[in-house]
Amino acid sequence: MNTTSSQADSSQVRIASGTQSTLKKVVVLGATSGIALEVQRQLVRLGCKLLLAARSEQRLEAVQSDLLARGAKQVLTCAADLAAIENHAGLFDFVRRSFPDYDTVLLAYGAMHDQKDSEASIDVLLEELHVNYVSAAAILTLFADDLERRRTGCIAAITSVAGDRGRRANYVYGSAKGALSLFLQGLRSRLHPAGVKVLTIKPGPVETPMTDHLDHLSSAAHFAEPKRVARDIVRALERRSPDVVYTPKMWRYVMTAVEHIPETIFKRLSF
Amino acid sequence: MASILRPAVEGSLLPYGLGRSYGDSCLNVNRELISCRRLNRILGFDESSGMVRCESGVTLTEIIEVFLPKGWFLPVTPGTQFVTVGGAIANDVHGKNHHCAGTFGDHVHQLGLHRSNDGLVVCSPNENPDMLRATIGGLGLTGVIAWADIQLRRVEGPWIEAELTPFQSLSGFLDLSRDSDGRFEYTVAWLDCFAGRNLRGIFFRGNHSAENTKKFRPKRGPKLPFALPGWLLNRTTVKGFNTLYYRAHASKKGSAVVGYDSFFYPLDSIRQWNLLYGKQGFLQYQCVIPESNVEAFEELLDRIARSGMGSFLGVLKQFGAAQPAGMLSFPRPGLTLALDFAMRGESTLQLMRSLDDVVLGSGGALYPAKDARMSPELFEASFPRWRSFVPYIDPKMSSSFWRRVTEAQ
């Protein structure tokens, strides 16, 4: 695990930067993901300080220098493969030491394999479940305990609309994300008395490196821009109210409809 | 990038940004485009000098969002902020300050260029200066721009002190333009193209304002949800619009402090404004006519007025005399006119061919970034030295535009 720290002077701001934000110090897990990248840029504009964790040190450094050039006040980084649970303690320790008063944790990592591959190989299947659910539940538990003790803050995680109903085309990925949504639901209830917010973020398909292998051309209209999705996420983080946010918003309605299709019909659908 | 460029077939690729070129200079029909949208990192910024290094897929919107709060603005900006830095360089775009600031390329101090055969090539006035001049205005054909160093310009805040003046003749416009050149950083005119020789329009000029206490909120206008019926924009409605627009602005004559967005990017506030023209879309015609050739310019306006096909977007600007930054840069001393024409098939194309004749005869030129149909002859006349650009083209690159205007020759 490698960590670096970098500070830049805050610059003079002449333009009103928008809404009043309670977000100040954010830990991002999976900080080099396509969505996280845009979320972080918007957080920097709101004046947030960041601690970024991701697997590749090189890509983490590139993200860090981008955010600093955009005027970030503080960007700490920690290169660690979060899919490996043995790395969690080290990361958590680093956060406690160098970023002890963080107020928000955003889990933004995930992996999507070709559904056919996870049908053909148990190893691929287990890895997909492990990265998207097991490791996520493990690391969020560390942060949940800490925030519960401090009786403050917010835990947010990016799951997926794919977790709302098992579909032929991506049920392995979907089941892991669905499990994570359920986990967050329970965690929300547990942390509610402590005043800790738990936010479930369910994006539809987003145009990021994770989805590059999918066929964009045939469904281009359904792919959202990361910038737009990030705007919805930051807005939800800023506010006290939403527990679950769909982005773009239309997916809330689409998934409500999808969930109401009777199973006898749904099982015949190939999408 | 090497893994994309190296295995590619000759002439099969073209870098693509936000696709805001009006014609086929950003297309590569039946071949491939390289989307540069993810090359969107800002690599560095020097607070004291205002020099920013960013990747080519960073948009002008992002540069403004990030650096205007720190007191820096784009040195040159086109009429939309929805373009990438790579696109701004590849088309060597100009703005309302061409007479004093030149083109976008004039403010590019250095750039990194991915070439299929030489890897990343750094180009600056000291290192590979010819490749720099070829890449500025090079329509993406010299390789994929990786990053560029751009010198931003200091401003006090987001406000522009703008002034508008109606004019009723070409000489009225020219007088206003000459009178403004030394005193105003930004000048441009809106033209009522139905007025023919009895030209009329509104002259806009402005400077960055020292005002920095007022609260600024970017304007967010409506979005056109679908293509409007094509017949909606016809001679009568557009003529009516133009008259109303002229009267409304002529009565507002005087100065005001306005946000940079409404001054530079009025059309950006209506997202998907292009759908106004219906499913058939529109063609834009942007030419430059040498200043000495006022008759040719009048002839041009005459033909447009007689056709009755002009639209509400007529833009007139006098270019400055600066040396072009790129080998294929469009701006040159003279008057530039940009007009939208709703696409009505053969009659629209015929009008444009007749305008081409005037441009050709006057020694003028057409702007590749706005073009979807110019002939190889007109391209040759517009850019007589294009053959000396050819050696700088990356063998893997080509575009629909380039094949259209050069392959016959």
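How many Å apart do the C-alpha centres of domain 1 of chain B and domain 2 of chain B lie?

## About the model

This is a predicted model, in which local features need pLDDT of at least 70 and side-chain atom pairs count only at pLDDT 80 or more, while totals for chains, interfaces and linings use all residues. Residues are numbered from 1 along each chain as its sequence is written, and chains are lettered from A and ligands numbered from 1 in the order in which they are written.

## The two domains of chain B

The C-alpha centres of the two domains lie 24 Å apart. Domain 1 of chain B spans 2-155 and domain 2 spans 159-382, with bounds that come from an automatic or database domain assignment. Where they touch, domain 1 gives 29 residues and domain 2 gives 28; a contact here means C-beta atoms, placed from the backbone, within 7 Å.

On the domain 1 side, α4 (98-101) and α5 (129-135) of chain B are the elements giving two or more residues. The largest share, three residues, belongs to α4(B). Helices are DSSP runs of H or I with at least four residues, strands are runs of E with at least two, and both are numbered from the N terminus.

## A sheet in chain B

Chain B also holds an open sheet of eight strands with antiparallel pairing, in the order β13-β10-β12-β11-β15-β16-β14-β17. At its edges are β13 (254-259) and β17 (365-366), each pairing on one side only. Two strands pair if DSSP finds at least two bridges between them.

## A look at chain A

Chain A has nine helices and eight strands. Of its 271 residues, 41% are buried, meaning that 20 or more other C-beta atoms lie within 10 Å of their own; 12 or fewer makes a residue exposed, and in between is partly exposed, with C-beta atoms placed from the backbone.

Now find N87(A), in the loop between β4 (75-79) and α3 (88-98) of chain A. N87(A) counts as partly exposed because it has 19 C-beta neighbours inside 10 Å.

Terms used. Two residues are in contact if their C-beta atoms, placed from the backbone, lie within 7 Å.
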